[in-house]
Amino acid sequence: MNRREALISLVQISALGAISSASAGVIRSDTHFPVGTQADALPSPPTSGALVYFTAAEAHEVAAIFDRLIPEDELGMSASQAGCVVFLDRQLAGPYGQAASTYRLGPFKQGTPEQGPQFRLTPAQRYREGLARLGDYSRSQHGKLFSALEPERQDDLLRAMEAGQDRLPSALDADFFALLLQNVREGYLADPMYGGNRNMVGWRLIGFPGARYDYRPYLHKKGQPLHLEPVSLLDRTV
């Protein structure tokens, strides 16, 4: 399975769960609802312009990593072209980056796989430390930063991170790779309101119609293309 297939498969699994929940609802399909979203109910779009969390050097390294995970090809633009670095920069500067909704007071003990990991650091701190360690390691092994490595060497290093190889610094473990992969997927597939998924490239790739109010007329078209132009929350205010 290649990178882009992994991205698509993640969405298909999520969509099946959403469709199953929707089809189990008790609202009649002919029930009328006002279409549209009040502007004051939407989150504020990310500010344009300068970075708000990453340094320019950090953002450059994140772009290089993300573009190996979702590269530009005949199906669409790369992760950085789609705005995934901007998406992540804004997220790390906000509640997500500060782990505002996560319990972090300890005690920190090794849990079961079902419980998932518990991190002392916030996502913002994990990125700052991970990128620093990645730069140190890449310079010590290859004499240059990750972003300057040949694509094959970049892929080898990312595979080593994904596998959790002991030769890498502790900050460059499988958990950090999983964070990178999770965030680039989110940036490529989130509503463009959040700064990524530019021109709804991710949604067009998987055939997702976007932030439409009501999907009930299409629930019977399982496995069929809907041929609907995707729309963003930015397009649905009244």
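A residue counts as partly exposed when its relative accessible area lies between the buried limit, under 20%, and the exposed limit, over 50%. R153 has a relative accessible area of 42%, so R153 is partly exposed. This model is predicted.

R153 has a partner. Its side chain meets that of E150 in a salt bridge, with 3.6 Å from N to O. E150 is partly exposed too, at 33% relative accessible area. Side chains of opposite charge can pair when their charged atoms come close.

The structure holds 10 salt bridges. Some of them join up: R133, D136 and R139 are linked in a network. Start with D136 and R133. Their side chains meet in a salt bridge of 3.1 Å, N to O. Both sit in helix α4, 3 residues apart, so about one helical turn separates them. Now take R139. R139 also forms a salt bridge with D136, and the closest N and O atoms are 3.1 Å apart. R139 and D136 lie 3 residues apart in helix α4, again about one turn. How buried or exposed are these residues? D136 is partly exposed at 36%. R133 is partly exposed at 32%. R139 is partly exposed at 43%.

Next, the backbone. Most residues other than glycine have a negative phi. A99 has a positive phi, near 55°. A99 lies in the loop between α3 (84-92) and α4 (123-142). Its relative accessibility is 9%, so A99 counts as buried. H227 also has a positive phi, near 55°. H227 is found in the segment after α7 (201-206). Its relative accessible area is 73%, so H227 is exposed.

How values were computed: Residues numbered from 1 in each chain as written. Predicted model: local features only at pLDDT ≥ 70, side-chain atom pairs only at ≥ 80, totals over all residues. Heavy atoms only, no water. Helix = DSSP H or I, 4+ residues; strand = E, 2+ residues; numbered from the N terminus. Buried < 20%, exposed > 50% of the residue type's maximum accessible area, 1.4 Å probe, protein only. Salt bridge = Lys/Arg side-chain N within 4 Å of Asp/Glu carboxyl O.
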